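Here is a short tour of some helix packing for you to follow in your viewer. Keep the sequence open alongside, and let us go through the contacts together.

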Amino acid sequence: VEGVLLSEAESVLKALTSQLHEAEAAQAREAAEAHLRSTIANGDLEALHAAVQNAESTQVDEQVLEEAQAVLTRLEAEKKAQEQQLLEAESMLGAALASEDLAALRSAVSSGKAIGVNPALLEEAVVAID
């Protein structure tokens with residue numbers, strides 16, 4: 001009788017433990033999905049990258065994950081384009097400084113300010129204009 005009771009108790013414990021793990025996994029999925037949705041709305045590239053990794057490990061809804069990955073791809077492309085624009089603006093400023101062409105220098109300074117080039121390089125160009 002004790003063996004049967006012990007076996008039944010172990011079976012119940014195993015079932016309860018399994019249910020607990022399933023509930024914890026569901027809760028982790030829901031939290032990861034909520035965080036992922038929030039991070040998509042925020043548009044922070046680094047935070048979204050981390051949230052996607054977390055979402056993949058917790059197996060969130062595939063549609064939400066695909067949306068996040070699409071936004072992540074778009075943000076990465078935008079960042080790359082901004083970096084390229086910055087390099088081009090800094091190159092344009094350097095070339096304008098070297099050529100001493102005031103019209104080119106003014107144009108390069110205007111573009112550089114809009115894009116956010118190195119402030120020291122902008123200052124050097126402004127001084128050259130004056």
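## What covers helix H5

Among the elements that cover the buried residues of H5 are helix H3 (62–99) and helix H4 (102–115). Please keep in mind as you read that this is a predicted model.

Which residues of H5 are buried? In this helix, which runs over residues 119–129, they are Leu121, Leu122, Ala125 and Ile129. They sit on the same side of H5, because the arc they cover around the axis is only 100°. If you like to check such patterns by eye, recall that an α-helix has 3.6 residues a turn, so residues three or four places apart point the same way. Turn to the other side of H5 and you will find Pro119, Ala120 and Val127, which are exposed.

## A closer look at leucine 121

Which residues does leucine 121 contact, leaving aside its neighbours within four places in sequence? They are Glu90, Leu93 and Leu97.

## How H1 and H2 pack

Now move to helix H1 (residues 2–42) and helix H2 (residues 45–58). Two packed helices are described by the angle between their axes and the distance between the axes. For H1 and H2, the angle is about 155° and the axes lie 9 Å apart. Since angles over 145 degrees count as roughly antiparallel, that makes H1 roughly antiparallel to H2. The crossing in which H1 passes H2 is left-handed.

Which residues make this contact? H1 contributes Ala28, Arg29, Ala32, His35, Leu36, Thr39 and Ile40, while H2 contributes Ala47, Leu48, Ala51, Val52, Asn54, Ala55 and Thr58.

## Two threonines at the contact

Threonine 39, which lies in helix H1, is buried, with a relative accessible area of 3%. Not counting residues up to four places away in sequence, threonine 39 touches Asp44, Ala47, Leu48 and Ala51.

Threonine 58 has its place in helix H2. Is threonine 58 buried or exposed? With a relative accessible area of 17%, threonine 58 is buried. Its contacts, leaving aside neighbours within four places in sequence, are Ala28, Arg29 and Ala32. Between the C-alpha atoms of threonine 58 and leucine 121 there are 47 Å, and the two residues are 63 apart along the chain.

One last stop is glutamine 59, found in the loop between H2 and H3. What is the phi of glutamine 59? The angle is near 60°, a positive value in a residue other than glycine. Glutamine 59 is exposed, with a relative accessible area of 61%.

Technical notes: Residues are numbered from 1 along each chain as its sequence is written. This is a predicted model: local features need pLDDT of at least 70, side-chain atom pairs count only at pLDDT 80 or more; totals for chains, interfaces and linings use all residues. Side-chain values use heavy atoms; hydrogens and water are left out. Buried means under 20% relative accessible area, exposed over 50%, partly exposed in between (1.4 Å probe, protein chains only). Helices (H or I, at least four residues) and strands (E, at least two) are DSSP runs, numbered from the N terminus. The arc is that of the directions from the helix axis to the C-beta atoms. Contact means heavy atoms within 4.5 Å. Axes are lines fitted to C-alpha atoms, for helices over the stretch in contact, and angles run from 0 to 180 degrees between N-to-C directions. Angles under 35 degrees count as roughly parallel, over 145 as roughly antiparallel, 65 to 115 as roughly perpendicular and the rest as oblique. A crossing is left-handed if the near helix is turned anticlockwise from the far one by less than a right angle, and right-handed if clockwise.
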